[in-house]
Structures are given as C-alpha cells and as structure tokens.
Amino acid sequence: MFTIISIMLSGMLAGYLLRRLLFGRLGRVITALIWMLLFLLGLEVGSNERIVSGLATLGLESLLITLAGTLGSVMAAWGLWRYTHHLSGEIATDTEGTAVTVGVAAAEEVAAEGKDSLWKALKGSLVIVSFFVLGVLIALSRWITVSEQVSDFSFYALAGLMACVGASIGSDPQTLRNFRALNPRLVLLPIGTIFGTLAATAVASPLLSERSLTDCLAVGSGFAYYSLSSIFITEYRGAELGTIALLSNICRELLTLLAAPLLVRWFGRLAPIAAGGATTMDTTLPVIARTSGNDLVVVSIFHGFVVDFSVPFLVTFWCSF
C-alpha cells in the first residue's frame with residue numbers, strides 16, 4: 001500500500017518538474033496500462049478453480065450483494081455531493097444532468113453531452129471488459145499458466161500505472177489550485193460509503209434465503225478488498241461464503257473500473273470513489289482521476305485508506321455473530 005502511494009508521489013514530483021514536457025502526453029500510456037492490468041486480472045480469475053467452479057451456483061448471490069452494496073454507497077455519495085454543493089452554491093451538473101468535472105483529464109473523458117457522450121462511455125467500457133474476458137478465456141484454455149512471475153508483472157504494471165497517474169497530476173497546472181479549493185466536508189465520504197453499503201446490503205439480504213443477515217453484511221464489508229475479506233470469511237464461515245466474498249468484491253472492483261464514466265454522469269463526481277471502496281487509493285485510482293477529476297485524487301486516497309482500514313474490523317465483527 002505505502003509502496004504504491006510512494007511511487008505515485010514520486011511520479012507527481014517528476015510530473016511537476018517536467019510539466020512542460022509531459023503535460024497532456026500520458027493519457028494513452030495510462031489507458032494501455034489499465035487494459036494490461038485488466039487482462040492480467042482476467043488471467044488470475046480464469047486460473048482460480050474456486051472462482052470458476054463457483055460461478056454457476058454462487059454467481060447470482062455475489063452479483064446481488066455487489067449491486068446492492070455499490071448502489072447504497074453511490075447513493076450516499078450522491079447525497080453528500082448534492083449537499084456539499086448546495087451549501088457552497090456550486091451545482092456540478094449541467095441542465096441535462098451531465099457531470100461537469102474540473103481538470104484536463106476529466107474534461108476529456110466526460111465533458112461531452114447527449115447520446116454521443118453516453119456511447120463513448122459505453123464503448124470505452126466494452127473495450128475494457130474485452131481485455132478482462134480475453135484474459136479469462138486464455139486462462140481457461142490453459143494457454144498461459146498464472147505463476148508468481150505473472151503476479152510480479154502485475155505489480156510492476158500497477159507501479160508503472162501509478163507513476164504515470166502521479167506524473168499526470170503533477171504536470172497539470174490546475175491540480176494545486178483544485179486541491180486548495182477542495183471542500184473539507186468531503187472527508188465524510190468514507191463514512192457514507194461504509195454506511196451506504198451496509199444499509200443497502202441489509203435491505204437486499206432477505207432475497208438471499210440461504211444467507212443470514214450477518215453473512216451478507218460480512219461479504220459487503222469487503223468493499224472490493226477481495227483478497228483480505230475472502231480469507232477472513234473463509235476462516236470464520238467456510239469456503240462457500242468465502243467464494244461469494246471473493247466473487248462479489250472482484251465484481252465491485254470491476255464495476256467501478258467499467259462504469260466509472262456512467263457513475264459520474266448519473267450520481268455525481270463522488271460516485272466512482274464510493275463504488276471503488278477500499279481500492280480507491282491504488283487499483284481504481286487512475287480511472288477515478290480520469291473521470292471524477294484530478295482535484296478529487298486526495299479525497300480518493302483518503303477514502304481508500306479509511307475504508308481499507310475498516311475491512312478487517314468490520315468483516316470479523318459480522319462473522320462473530
């Protein structure tokens with residue numbers, strides 16, 4: 001965690017020092033690295049027998065918990081976004097409800113209006129999901145065996161991505177001014193994410209007749225941190241619920257990566273951060289920076305740290321009942 005953040009901070013410093021050379025030239029590199037990481041994630045999913053064998057019987061339960069928890073969190077983020085900008089007199093949507101973002105990278109992604117903008121967002125999501133699906137299919141065909149070397153390569157790719165994101169932020173002359181203008185009320189966002197996720201998951205739990213309320217809350221408390229939460233849940237409640245946790249939280253991370261432009265459009269600029277849960281300071285941060293705006297990167301990192309810190313406590317708390 002701290003290694004990745006340090007890499008990003010170093011990239012910000014390099015971007016600031018080289019801002020005349022780098023400004024506006026990193027977008028394609030960031031996009032390519034995101035595609036690569038999604039492909040590698042697909043390889044890991046397709047090579048994990050527990051995930052593959054659980055898709056048929058446990059996939060729907062995982063999807064329901066994912067959708068409920070994500071919806072609850074983005075609704076809380078939407079409420080905070082409206083409340084904050086109502087108090088400050090700044091409404092961040094135009095007459096059609098399209099998000100108005102601050103920052104060069106965000107403007108390039110979501111400033112367009114109407115059907116063309118919506119199709120652009122959907123097309124970008126389809127390209128991203130195609131790389132993930134390709135990775136899954138290749139892993140299932142056994143053309144590539146996922147090894148420790150592949151995992152190491154994923155880390156290096158993520159480190160490179162974070163360095164590029166940092167450089168993009170540091171080279172943006174508007175970034176520092178945006179940070180200074182940040183509304184301090186936005187530090188409430190991680191609280192909204194946690195309570196919104198748990199409340200919506202509790203409402204959806206009666207639909208899962210074979211799962212108790214605490215089972216659903218334990219899965220929802222993973223907040224896309226699928227590795228740690230599934231390990232805890234497997235230890236306390238068994239492999240079946242652990243598999244649901246793994247699938248559900250992977251789906252939440254993927255949903256954030258794929259739907260971030262649409263979440264901004266429908267629920268405001270805080271929505272991708274809330275949807276990303278514990279991943280917003282690393283894996284989903286590049287997408288958040290590009291869709292929500294560089295001025296919210298600090299909020300995203302703070303949000304990810306707080307939510308990440310809460311995962312082991314909340315998961316073990318619900319599993320103790």
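# A chat about a helical chain

Q: Hi! To start with the overall fold, what share of the contacts with a separation of 6 or more comes from residues 24 or more positions apart?
A: Hello! This is a predicted model, and in its protein chain residues 24 or more positions apart account for 80% of the contacts with a separation of 6 or more.

Q: How many helices and strands are there in the chain?
A: The protein chain has 15 helices and zero strands.

Q: And what percentage of the residues count as buried?
A: Of the chain's 321 residues, 53% count as buried.

Q: Let's go inside, then. How many residues does the largest nonpolar core have?
A: The largest nonpolar core has 55 residues. L161 and I233 are the ones with the most contacts inside that core.

Q: Which helix gives the most to this core?
A: That's α12, which contributes nine residues.

Q: You mentioned I233. What does I233 touch, leaving out residues up to four places away in sequence?
A: I233 touches A218, V219, G238, L241, G242, A245, V315 and C319.

Q: What about the other core lying apart from the largest one, how many residues does that have?
A: That separate core has eleven residues, among them A77, L80, I273 and I288.

Q: Back to α12. At what angle do α12 and α14 pack?
A: Helix α12, residues 239–267, packs on helix α14, residues 285–292, at an angle of about 20°, and their axes are 9 Å apart. Because angles under 35 degrees count as roughly parallel, α12 is roughly parallel to α14.

Q: Is that crossing left-handed or right-handed?
A: The crossing of α12 and α14 is right-handed.

Q: Which residues make the contact?
A: From α12 there are T256, L257, A260, P261 and V264, and from α14 there are V287, T291 and S292.

Q: How do those residues divide into nonpolar, polar and charged?
A: The contact of α12 with α14 has five nonpolar residues, three polar and no charged.

Q: Changing topic: where does F223 lie?
A: F223 is in the loop between α10, residues 213–220, and α11, residues 226–237. Its phi is positive, about 50°, although F223 is not a glycine.

Q: Buried or exposed, that F223?
A: F223 is buried, with a relative accessible area of 0%.

Q: And A224, what is its phi?
A: Phi of A224 is near 75°, again a positive value in a residue other than glycine. A224 lies in the loop between α10 and α11, and at 2% relative accessibility A224 counts as buried.

Q: Let's move on to α11. What does S230 touch, residues up to four places away in sequence aside?
A: S230 lies in helix α11 and touches R50, G242, A245 and L246.

Q: Is S230 buried or exposed?
A: S230 is buried, with a relative accessible area of 2%.

Q: One more residue: which helix is V165 in?
A: V165 lies in helix α7, residues 148–170. V165 counts as buried, at 4% relative accessibility.

Q: What is V165 in contact with, beyond its neighbours within four places in sequence?
A: V165 is in contact with I30 and P286.

Q: How far apart in space are V165 and L9?
A: V165 and L9 are 9.5 Å apart in space, C-alpha to C-alpha, and 156 residues apart in sequence.

Key. Residues numbered from 1 in each chain as written. Predicted model: local features only at pLDDT ≥ 70, side-chain atom pairs only at ≥ 80, totals over all residues. Heavy atoms only, no water. Axes fitted to C-alpha atoms, helices over the stretch in contact; angles between N-to-C directions. Helix = DSSP H or I, 4+ residues; strand = E, 2+ residues; numbered from the N terminus. Parallel < 35°, antiparallel > 145°, perpendicular 65-115°, else oblique. Left-handed = near helix turned anticlockwise from the far one by under 90°. Contact = heavy atoms within 4.5 Å. Nonpolar A, V, L, I, M, F, W, Y, C, P; charged D, E, K, R; others polar. Core = buried A, V, L, I, M, F, W, Y, C linked by side-chain atoms within 4.5 Å. Buried < 20%, exposed > 50% of the residue type's maximum accessible area, 1.4 Å probe, protein only.
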